Amino acid sequence: MNKTTTARSRQGNKKPHHRISYPYKVDYNDHFETPIAAYEDILPILDAIIAHKNNQLKVACQQHTCKRSTLKVYDPFYCNGQTKILFRQLGFENVIHEKRDFYKDVRRKACPDHHVFVTNPPYSGNHKERALEFAANNNNQKNNTGR
C-alpha cells in the first residue's frame, strides 16, 4: 500500500499511465468505482429516508421540505470522484465526496454534517468494520442531539 496508485486507461493498443495522488494510504485493488446500478438499487431506501425527514419536519411545523436535491449524502471513500457525478444523475445535488483522509476526519471529529452516510468502502483491511462503526456511532450522536 502506498499513497500513489497507478491508473491505466486503454486507447487502442497503448496503455498510458497516469498517477493519482491521495492524502492517505491506498491499495490499488480497492480503487474501483461503484456502478450507477448499485445506487439505483438503494433509491427506494433513500426516498424513504426523505419521506421520513419530511414527516419529522411536519411534526416540527417547519415549512421547508426535504427532497433528493437537498438531502446531504456523505460518501467518504474517494476513488476518482465518480460517486458525486452518479448521485447527481439521480437527482442528489448535495453530495459530500472529497479526496480526504476519512479516518483522520473521524479522529478529529471533522466529518461533514450530513443526513445520510452512503458508501462502498474498500474491501481490504478493516475498512468495512470501521465504516460500520462510524455509521453506528454517528447515528447515535444524531439521535442524542436531535439533528
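This is a predicted model: local features need pLDDT of at least 70, side-chain atom pairs count only at pLDDT 80 or more; totals for chains, interfaces and linings use all residues.
A polar contact is a pair of N or O atoms within 3.5 Å; within protein, one atom must be able to donate a hydrogen and the other to accept it.

**Overall architecture**

The secondary structure of the protein consists of 5 helices and 5 strands. Followed along the sequence, these elements give the pattern β-β-α-α-β-α-β-α-β-α. Of the 147 residues, 33% are buried. Among contacts between residues at least 6 apart in sequence, 53% join residues at least 24 apart.

**The sheet**

Three strands form an open sheet in the order β4-β3-β5, and their pairing is parallel. The edge strands are β4 and β5, each of which pairs on one side only. Strands of a sheet pair through backbone hydrogen bonds, in either a parallel or an antiparallel sense. Between β3 and β4 the parallel pairing extends over 2 bridges. Valine 73 has valine 95, in β4, as its bridge partner.

The residue ranges of several elements named in this report are as follows.

| Element | Residues |
|---|---|
| Strand β3 | 73-74 |
| Strand β4 | 95-96 |
| Strand β5 | 116-117 |
| Helix α4 | 102-107 |
| Helix α5 | 127-145 |

**Histidine 127**

Histidine 127 belongs to helix α5. Its relative accessible area is 17%, and histidine 127 is therefore classed as buried, since the cut-off for that class is under 20%. Leaving aside residues up to four places away in sequence, histidine 127 touches Asp30, Phe77, Tyr103, Pro121 and Pro122. With one of these residues, tyrosine 103, there is a polar contact from side chain to side chain, at 2.7 Å.

**Lysine 109**

Lysine 109 is located in the loop that runs between α4 and β5. Although lysine 109 is not a glycine, its phi is positive, at about 55 degrees. Is this residue buried or exposed? Lysine 109 counts as exposed because its relative accessibility is 74%, and the exposed class covers values over 50%.

Terms used. Residues are numbered from 1 along each chain as its sequence is written. Side-chain values use heavy atoms; hydrogens and water are left out. Two strands pair if DSSP finds at least two bridges between them. Helices (H or I, at least four residues) and strands (E, at least two) are DSSP runs, numbered from the N terminus. Buried means under 20% relative accessible area, exposed over 50%, partly exposed in between (1.4 Å probe, protein chains only). Contact means heavy atoms within 4.5 Å.
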